[in-house]
Amino acid sequence: MKTDNSHFDAKVRLRLQVVAETGKDTVTVLELFAGKSLLWSEVKKRTDVNIRMLSIEKERGKNPLALGGDNMKFLPSLDLSQFDIIDIDAYGSCFNQLNFVIEHDFGGYIICTDIQSMFGRTSDQLLERAGFTHAMIKKIPTLINAHANDALWSYLADYGYEHATGFFLGRKKYFYIKK
């Protein structure tokens with residue numbers, strides 16, 4: 001079941017850590033799954049750093065300050081170099097957005113929530129990047145999806161990300177990366 005902002009305080013602390021690591025007085029954040037922007041509203045309360053936001057939320061009416069629509073449709077039109085932090089707080093797999101950001105050589109911090117869905121499923125695209133075929137995934141999804149964490153870490157390593165900082169609770173990963 002989808003739950004907005006589970007592990008709320010830990011997710012806020014993770015974002016505060018990233019804001020502090022930038023060492024800047026003002027940071028610009030692209031929030032791809034804004035919801036009601038509760039996480040970043042709380043971050044703003046707990047820091048003296050000026051945080052400028054561009055938020056995107058697919059669900060109409062949930063956040064009147066956010067751009068309304070599919071973040072994957074907005075991403076190609078954005079100059080990612082204008083942001084210090086890209087926050088990908090997805091309900092499930094963050095792979096499509098993460099892949100876009102990484103393949104467009106974003107140089108800042110990337111914060112991710114990556115949760116394997118019911119029955120432990122992750123993104124087929126991620127598994128295929130790890131070498132599993134579509135036929136294999138379809139035939140034995142439970143066995144193949146058991147390798148999702150390894151597939152994600154291998155993918156990140158292929159792009160030069162040697163370390164992910166965060167907290168990892170089985171099939172739930174809350175982390176940030178930066179080259």
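Reader: What makes Lys24 count as buried, partly exposed or exposed?
Author: This is a predicted model, and in it Lys24 has 39% relative accessibility. Buried means under 20% and exposed over 50%, so Lys24 counts as partly exposed.

Reader: And why is Asp84 called buried?
Author: Asp84 comes out at 14% relative accessibility. The cut-off for buried is under 20%, so Asp84 counts as buried.

Reader: How do you know that Asp84 and Lys24 form a salt bridge?
Author: Their side chains meet at 2.4 Å, N to O, and the cut-off is within 4 Å. Asp84 sits in the loop between H3 and S4, Lys24 in the loop between H1 and strand S1, 60 residues apart.

Reader: Why is H1 called oblique to H2?
Author: Helix H1 (residues 8-22) and helix H2 (residues 38-46) pack at an angle of about 55°. Under 35 degrees would be roughly parallel, and 65 to 115 roughly perpendicular, so H1 is oblique to H2.

Reader: What ties Arg46 to Asp9?
Author: A salt bridge, with the closest N and O atoms 2.8 Å apart. Arg46 lies in helix H2 and Asp9 in helix H1, so the pair ties together parts that are 37 residues apart in sequence. Salt bridges that share partners also join Asp9 and Arg46 with Arg13, Glu42 and Lys45 into one network.

Reader: Why is helix H4 described as largely enclosed?
Author: Seven of the nine residues of H4 (residues 95-103) are buried, so the helix is largely enclosed by the rest of the structure. Among the buried ones are Phe95, Leu98 and Phe100, and the cover includes helix H8 (148-158) and strand S5 (109-115).

Conventions
Residues numbered from 1 in each chain as written. Predicted model: local features only at pLDDT ≥ 70, side-chain atom pairs only at ≥ 80, totals over all residues. Heavy atoms only, no water. Buried < 20%, exposed > 50% of the residue type's maximum accessible area, 1.4 Å probe, protein only. Helix = DSSP H or I, 4+ residues; strand = E, 2+ residues; numbered from the N terminus. Contact = heavy atoms within 4.5 Å. Axes fitted to C-alpha atoms, helices over the stretch in contact; angles between N-to-C directions. Parallel < 35°, antiparallel > 145°, perpendicular 65-115°, else oblique.
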